[in-house]
Amino acid sequence: MKLVGLTGGIASGKSTVSRRLEERGAVHIDADLLAREVVEPGTPALAEIEKRFGDGVISPDGRLDRAALGSIVFADPEALSALNGIVHPAVRQRTGELIAEAGERDPDAIVVYNVPLLVEAQVPHPFDLIVVTHAPRDVRIDRLVRLRGSSEQDARRRVDAQASDEERLARADVVIDTAGSIAHTVQQADVLADELGLPHRDRGSVSAP
């Protein structure tokens, strides 16, 4: 089994690359999906978040109010660090379980772990390859505003809350330039898939149940 860590800044094209690798036969684990799973109602992580940030971040149906929490943590580095200290360990544990399951099903599996905060969280999994999707800061801010409906202020805050481009690129074994067209990004993902020996078949996806 090979474990590929896929990371990059917000709105840098990670989903496009991971989707293409999955189409080529990789097993896909999505850290964002797992981060939602581990804070579902009744989980220890959600209870810790409520204790740390108050019941104002819990919606009437008992679920995490992500907008309310986001307005707190993206304006306060200390609060963001506290949140990460709650969520990241839970995600790491779940990820380890899914990686083990993928290896049991297929010892030759290529597992792509899409983890936006690979650098910030110092993810401990033994990656065989780290792939960074890269687009300039202004391009990512524009995408957040134009495609995701963020305000420019919020977009800049979210981008700047993450690791710098220099920090991410320093960890990269492979860099995929995502500043251009989607077709250009997919073409680079196909080159990577060829290097990994991925066939043109679908092996499925591993994500939160």
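A residue counts as buried when its relative accessible area is under 20%, as exposed when over 50%, and as partly exposed in between (1.4 Å probe, protein chains only). This is a predicted model, in which local features need pLDDT of at least 70 and side-chain atom pairs count only at pLDDT 80 or more, while totals for chains, interfaces and linings use all residues. Residues are numbered from 1 along each chain as its sequence is written, and side-chain values use heavy atoms, with hydrogens and water left out.

**View 1. Val 131 sits in strand β4.** Helices (H or I, at least four residues) and strands (E, at least two) are DSSP runs, numbered from the N terminus. With a relative accessibility of 0%, Val 131 counts as buried. Its strand is much like that too: β4 is mostly covered, with 5 of its 6 residues buried. So who does Val 131 touch, leaving out residues up to four places away in sequence? The list is Val 4, Gly 5, Leu 6, Thr 7, Val 174, Ile 176 and Leu 192, where contact means heavy atoms within 4.5 Å. Have a look at Ala 172 as well: Val 131 and Ala 172 are 41 residues apart in sequence, yet 5.6 Å apart in space, C-alpha to C-alpha.

**View 2. Here is the open sheet, with 5 strands in the order β2-β3-β1-β4-β5.** The pairing is parallel; two strands pair if DSSP finds at least two bridges between them. In general, strands of a sheet pair through backbone hydrogen bonds, either parallel or antiparallel. β2 (27-30) and β5 (174-177) stand at the edges with a single partner strand each, so one side of each has no neighbour in the sheet. On average, neighbouring strands are turned by 20° against each other, direction ignored. Axes are lines fitted to C-alpha atoms, for helices over the stretch in contact, and angles run from 0 to 180 degrees between N-to-C directions. Helix α1 (residues 14-23) lies across β1 (2-8), β2, β3, β4 and β5, and runs at about 155° to β1.

**View 3. Zoom in on the bridges that β4 makes with β1 and β5.** β1 and β4 run parallel and are joined by 5 bridges. How many bridges do β4 and β5 share? They pair over 4 bridges, in the parallel sense. Val 131 turns up again here, standing opposite Val 174 in β5, while His 134 has Asp 177 in β5 as its bridge partner.

**View 4. Strand β2 is covered on both faces.** On one side you'll find Val 27 and Ile 29, on the other His 28 and Asp 30, and all of them are buried. β2 runs parallel to β3, and 4 bridges join the two. His 28 stands opposite Val 112 in β3.

View 5. Ala 11 has a positive phi of about 65°, although it is not a glycine. Is Ala 11 buried or exposed? Its relative accessible area is 7%, so Ala 11 is buried. At 13% relative accessibility, His 125 counts as buried. Not counting residues up to four places away in sequence, His 125 touches Leu 3, Arg 92, Thr 95, Gly 96, Ile 99 and Tyr 113.

**View 6. Helix α5 (residues 77-105) meets helix α3 (residues 44-53).** Their axes come within 9 Å and cross at roughly 160°. α3 and α5 are therefore roughly antiparallel to each other (angles under 35 degrees count as roughly parallel, over 145 as roughly antiparallel, 65 to 115 as roughly perpendicular and the rest as oblique). From α3 come Ala 45, Glu 48, Ile 49, Arg 52 and Phe 53, which meet Glu 78, Ala 79, Ala 82, Leu 83, Ile 86 and Val 87 in α5. By class, that contact has 8 nonpolar, no polar and 3 charged residues. Ala, Val, Leu, Ile, Met, Phe, Trp, Tyr, Cys and Pro count as nonpolar, Asp, Glu, Lys and Arg as charged, and the others, Gly among them, as polar.

**View 7. Helix α4 (residues 66-73) packs with α5.** The angle is about 130° and the axes are 7 Å apart, which makes α4 oblique to α5. Leu 69, Ile 72 and Val 73 of α4 make the contact with Pro 77, Ala 79, Leu 80 and Leu 83 of α5. This contact has 7 nonpolar, no polar and no charged residues.
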